[in-house]
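Me: I would like to learn how the words used for a protein model follow from their definitions. Could we go through them one at a time?

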Amino acid sequence: MSTEPNAPEPSAETHPFQAEVQKVLTLVIDSLYTNKDVFLRELVSNASDALDKGRFFGMTHEDAVKPEGESRIDIKVDENAQTLTISDNGIGMTREEAIHNLGTIAKSGSLEFLKQVRDAGTDKDGAMRLIGQFGVGFYAAFMVAKRVDVITKSMKPGSEPVLWRSTGSESFSVLPGERAQPGTDIVLHLKPDQTDYLRSWRIKDIIQKYSDFVSFPIFVDGEQANREKALWAQPKSQVTPEQHDQFFQHVSGGSAGDKPLVTIHFAIDAPAQFQALMYVPEKAPFDLFQKDRTALRLYAKRVLIIESCERITPIWLRFLRGVVDSEDLSLNVSREMLQEDKTLALIERELVRQVLKSLKDVAESDPDKYKKFWRVFGKVLKEGISVDWKNKDAIVELSRFESMNTPEGDFTTLKAYVDAMPSGQEHIYYVTGISRRAVESSPHLEAFRKKGYDVLFLTDPIDEWVVQALTEFDKKKLKSVVHGDVDLGEDAPPAGSEAALEAIKKALGSRVKDVRFSKRLTESASCLVSEEGAPGANLERLLKMMDDRATEQKRILEVNPTHAIVSSIAVLAEKEPGSERLTGFCEMLYEQALLAEGVVEDPVRLVKRIQDLLAQATGAAAKG
């Protein structure tokens with residue numbers, strides 16, 4: 001038998017493809033697969049299906065010709081012949097089945113269906129169901145092969161071996177084959193630029209990456225290359241902690257010794273049938289905040305179809321590592337097609353539900369473990385409050401917050417905060433900032449501390465967006481201590497101090513939006529507050545980091561009417577209106593307020609002003 005790609009076979013029957021097969025193949029290669037390694041995944045998957053069907057056929061047909069030996073897949077490399085052969089001892093095909101099953105890609109209408117899949121304006125669910133009928137996965141072999149030979153023999157009694165051959169162009173040939181036992185050999189005559197697939201170690205790597213948990217042994221040149229048993233398909237009670245550790249290291253790319261913090265293992269039969277084994281790592285993955293992040297691996301019937309599928313988990317669960325194995329997905333789909341798949345939407349919904357339930361169980365049964373989780377991944381989970389309204393309440397319940405009344409590194413919940421509110425407190429108060437140290441020394445907290453009102457410390461960047469989505473909890477409004485006016489029942493400003501306000505307004509001019517007496521200051525002389533609804537200083541800082549063109553809003557300077565500096569300003573305003581010393585005191589109030597926020601507009605000027613005021617105070621004391 002000739003091995004030349006286009007050599008004529010005397011006993012061959014040639015069948016023309018009935019559609020524009022070359023265009024169809026181009027669509028398959030260009031539209032479905034961006035990584036050529038997947039050709040092997042597809043052929044192994046087909047072999048696994050053949051073994052499954054053969055096992056079923058043998059059990060239901062007494063006259064079936066049983067293959068010899070255990071069910072297995074063999075892959076052999078022949079460097080001399082430049083061929084790669086994938087063999088199985090499964091159900092095999094008759095001559096008619098080979099013509100039908102391997103020729104249906106040219107079935108009338110197939111090109112149109114593939115175009116529909118690629119067309120964003122069509123019903124992709126219907127098209128995806130049709131793709132699997134066209135043998136698209138098998139034809140991925142032509143990405144690497146200049147010719148494909150399929151030698152097959154059916155388990156049906158009286159079947160003869162058949163050879164199906166094609167170069168993937170206009171036709172295929174069918175002729176008598178040579179095979180003693182039922183099963184199939186797929187022989188790929190590799191293209192000259194694809195000889196990398198003649199390396200056994202390369203084939204093993206691909207098998208371990210894409211088909212590691214196919215439920216039949218896969219041998220490469222006589223050595224088993226896959227694990228065979230899918231850990232996620234085993235009952236939870238039969239999986240040991242050591243197995244979980246090993247599998248976690250495998251799916252997370254971790255090193256020996258890495259362990260998962262939380263394990264989530266379950267199976268669902270409806271509305272979508274799938275199994276999932278997911279882990280929450282102990283340490284934050286390096287790519288947690290990178291655009292191209294690692295996501296869960298997506299399998300279809302134990303065959304990997306997407307190595308990192310962002311479609312099945314929301315962005316606020318991107319710390320998860322593991323696998324999802326669906327019985328309802330087709331193998332022959334691209335990442336783009338999966339974007340519109342309704343089965344994935346069902347899977348995502350159930351995954352989210354199970355993860356939130358598992359995290360709640362951990363929070364209730366092992367608070368220390370949950371605290372460890374929150375320290376590492378809380379800032380990620382909280383993103384869901386601002387972007388996922390369906391699960392917002394569940395995420396809020398799981399959220400933890402530092403506060404003025406909690407020790408550093410400890411947390412409270414919104415429920416615990418509300419339960420501990422003293423009589424007379426109407427709102428849940430919070431402050432945002434860059435760190436606990438920065439916010440806990442804020443002058444804005446003074447009146448709240450005096451009243452015994454706790455204040456939440458929100459120091460993650462995402463918190464600025466969280467509080468925009470989370471406006472109330474348990475019928476209590478969340479209120480920023482650095483926004484708007486506050487009324488904590490404090491005394492009215494001392495009479496006669498209005499002169500101080502006018503002097504400060506005149507000295508500062510357009511640098512502030514307004515100057516007013518504060519009800520939140522009890523010790524400090526001044527602070528800056530934002531209008532209700534306007535971005536605060538912390539949010540402005542974050543926006544500036546994202547876009548240096550972001551504008552800053554003018555803020556309101558609040559001054560403490562009982563503070564000695566303010567009292568001095570009131571006196572000076574009467575005795576020395578417009579004096580340099582009065583202006584210096586007024587500007588000092590403004591710069592102190594900025595300094596309390598960690599901002600110094602002009603350090604040199606600030607130091608000189610302090611020195612001048614000290615000199616004046618010293619001189620006055622000496623004269624006295």
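Reply: Let us begin with burial: a residue is called buried if its relative accessible area is under 20%, exposed if over 50%, and partly exposed in between, with a 1.4 Å probe and protein chains only. Helices (H or I, at least four residues) and strands (E, at least two) are DSSP runs, numbered from the N terminus. The model is predicted, so local features need pLDDT of at least 70 and side-chain atom pairs count only at pLDDT 80 or more, while totals for chains, interfaces and linings use all residues. Residues are numbered from 1 along each chain as its sequence is written, and side-chain values use heavy atoms, with hydrogens and water left out.

Me: What makes β14 largely enclosed by the rest of the structure?

Reply: Six of the six residues of β14 are buried, so the strand is largely enclosed by the rest of the structure. In a regular strand the side chains alternate between the two faces of the sheet. Both faces of β14 are covered, with Arg321, Val323 and Asp325 buried on one side and Gly322, Val324 and Ser326 buried on the other.

Me: How do you know which strands pair with β14?

Reply: Two strands pair if DSSP finds at least two bridges between them. β11 and β14 have six bridges and pair in the antiparallel sense, with valine 323 in β14 as the bridge partner of leucine 277. β12 and β14 are joined by four bridges and run parallel, and here leucine 298 stands opposite valine 324.

Me: Why do β10 and β13 stand at the edges of their sheet?

Reply: The sheet is open, has five strands in the order β10-β11-β14-β12-β13, and shows mixed pairing. β10 (260-268) and β13 (303-306) each have a single partner strand, so one side of each is left without a neighbour in the sheet. From one strand to the next, the twist averages 20 degrees; such angles run from 0 to 180 degrees between N-to-C directions, and the axes are lines fitted to C-alpha atoms, for helices over the stretch in contact. The partner of β10 is β11 (residues 274-281), which runs antiparallel to β10 and is joined to it by eight bridges; among the residues involved, isoleucine 264 has methionine 278 as its bridge partner.

Me: Which helix lies across β10, β11, β12 and β14?

Reply: That is helix α10 (residues 342-365), which runs at about 135 degrees to β10.

Me: What makes β3 another enclosed strand, and which strands pair with β3?

Reply: Six of the six residues of β3 (residues 83-88) are buried, so β3 too is largely enclosed by the rest of the structure. On one side Thr83, Thr85 and Ser87 are buried, and on the other Leu84, Ile86 and Asp88. β3 pairs in the antiparallel sense with β2 (residues 73-78) over six bridges, and also with β7 (residues 183-190) over six bridges. Aspartate 88 is the bridge partner of isoleucine 73, while threonine 85 stands opposite valine 187 in β7. β2 and β3 form a hairpin with four residues between them, and glutamine 82 in the turn has a positive phi of about 60 degrees.

Me: Why is aspartate 258 called buried?

Reply: Its relative accessibility is 17%, and because this value falls under the limit, aspartate 258 counts as buried. Aspartate 258 lies in the loop between α8 (241-252) and β10. Leaving out residues up to four places away in sequence, aspartate 258 touches Asp245, Phe248, Gln249 and Lys283, where contact means heavy atoms within 4.5 Å.
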